[in-house]
Amino acid sequence: METDALRLLRSANRIGFVLSGGSSRCAFQIGVIESLLELGVRPALCVGVSGGAWNAAAVAVGHAGRLRTYWRAFGRMPGLDLRNLLREHSPYRWSEIHRRTFGRYVGIERLRRPETLPVFVGVTRLSDRRALHYDLRTAEDPLKILLASNYLPPFYTHAPRLDGERCGDGGISNNLPYEKAFEEGCDAVVLVTMKGESEGLLYRNPREIEHEIPSEYRDRMAVIRPRHRLATPFLERRWPALVAAIELGRLRAREVLLGEVHPETDVRPDGVAPSVLLARLILGVWRPALRLPRKVPPPRP
């Protein structure tokens with residue numbers, strides 16, 4: 001059965017794929033992309049943020065079919081090396097792993113080819129927390145932009161400078177840059193993000209954790225996200241766990257676009273999300289300084 005979302009995409013002249021950040025949870029996007037391509041939904045451009053930027057770049061150069069291999073290659077390389085403390089002041093080797101895999105699965109030469117799709121990567125200018133977007137096809141150093149969009153300490157310790165400004169993770173300012181796709185001429189957008197539907201509205205940035213898409217965009221978008229919180233840990237690198245997230249994305253896309261029902265997508269992970277526990281701890285410790293009101297029970301009759 002063809003849903004309204006699929007009819008929208010099949011009738012569109014120019015579709016944008018917008019892939020939000022989420023670190024290892026962005027493996028979910030791989031399955032979504034696979035289902036979209038199987039159904040004949042192909043992008044005219046891509047926009048990516050943070051972890052989603054690597055997927056966007058690979059799709060843009062025509063390597064959507066190699067995304068699983070890309071992610072598996074990344075996960076096979078050692079992520080920690082204490083010797084890296086001397087080189088980059090961090091035990092994490094993510095920058096080096098990205099440098100190695102970028103050339104194989106994206107590459108500057110492929111980005112320069114005329115058939116490469118426009119691909120915009122969102123970063124945050126750290127001086128004022130403003131969202132900026134760079135087209136990787138024309139960037140002098142596209143890898144530097146991708147690394148900037150993923151910059152979060154302690155995994156990366158030196159914020160890259162773009163146009164003389166220190167820049168960091170794109171999700172700090174705008175984890176859902178769907179407006180950029182419309183600005184570039186798209187008449188329909190597929191937004192793939194990883195906050196579960198049962199967790200509330202969309203996560204845009206730390207100040208807007210419950211984002212509602214404005215009416216002027218809503219009817220021109222297909223939003224694909226999990227039903228519930230993903231069980232995939234933020235830093236997951238084990239391949240079986242990533243495959244589970246990929247398969248969940250593949251099935252979830254079919255639910256949204258074809259109206260299918262898959263019990264696998266309705267599984268809720270046990271316990272509370274670590275991010276929620278951290279937020280509760282921070283609020284509990286710093287509530288007086290933040291002057292946040294406590295709930296006061298009503299008076300007894």
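**A loop residue and its setting**

Author: R129 is found in the loop between β3 and β4, where β3 covers residues 119-125 and β4 covers residues 130-135. This is a predicted model, in which local features need pLDDT of at least 70 and side-chain atom pairs count only at pLDDT 80 or more, while totals for chains, interfaces and linings use all residues. Residues are numbered from 1 along each chain as its sequence is written, and side-chain values use heavy atoms, with hydrogens and water left out. Helices (H or I, at least four residues) and strands (E, at least two) are DSSP runs, numbered from the N terminus.

The backbone of R129 has a phi near 60°, a positive value in a residue other than glycine. Together with R161, R166 and R207, R129 forms a positive surface patch. A patch is made of residues with over 30% relative accessible area and no salt bridge, with like charges joined within 9 Å and nonpolar side chains (Val, Leu, Ile, Met, Phe, Trp, Tyr) within 5 Å. A salt bridge here is a side-chain nitrogen of Lys or Arg within 4 Å of a carboxyl oxygen of Asp or Glu. Lys and Arg count as positive and Asp and Glu as negative, with His and the chain ends not counted, and the place of a charge is taken as NZ of Lys, CZ of Arg, CG of Asp or CD of Glu.

A positive phi, of about 55°, also belongs to D163, which is not a glycine and sits in the loop between β5 (161-162) and β6 (165-169). D163 counts as exposed because its relative accessibility is 69%, where exposed means over 50% relative accessible area, buried under 20% and partly exposed in between (1.4 Å probe, protein chains only).

A nonpolar patch on the surface is formed by L152, F234 and L235, with about 220 Å² of accessible area together; such areas come from the Shrake-Rupley method with a 1.4 Å probe, and for residues only the protein chains shown count as cover.

Turning to the interior, S149 is part of helix α8 (residues 142-149) and counts as buried because its relative accessibility is 0%. Neighbours within four places in sequence aside, S149 is in contact (heavy atoms within 4.5 Å) with residues including A53, V121, V123 and D169.

A53 is also among the buried residues of helix α3, a helix that spans residues 51-60 and has ten of its ten residues buried. A64 is buried because its relative accessible area is 11%, and, not counting residues up to four places away in sequence, it touches I33, L37, A58 and V59.

For the protein chain as a whole, there are twelve helices and eight strands, and buried residues make up 53% of its 301 residues.
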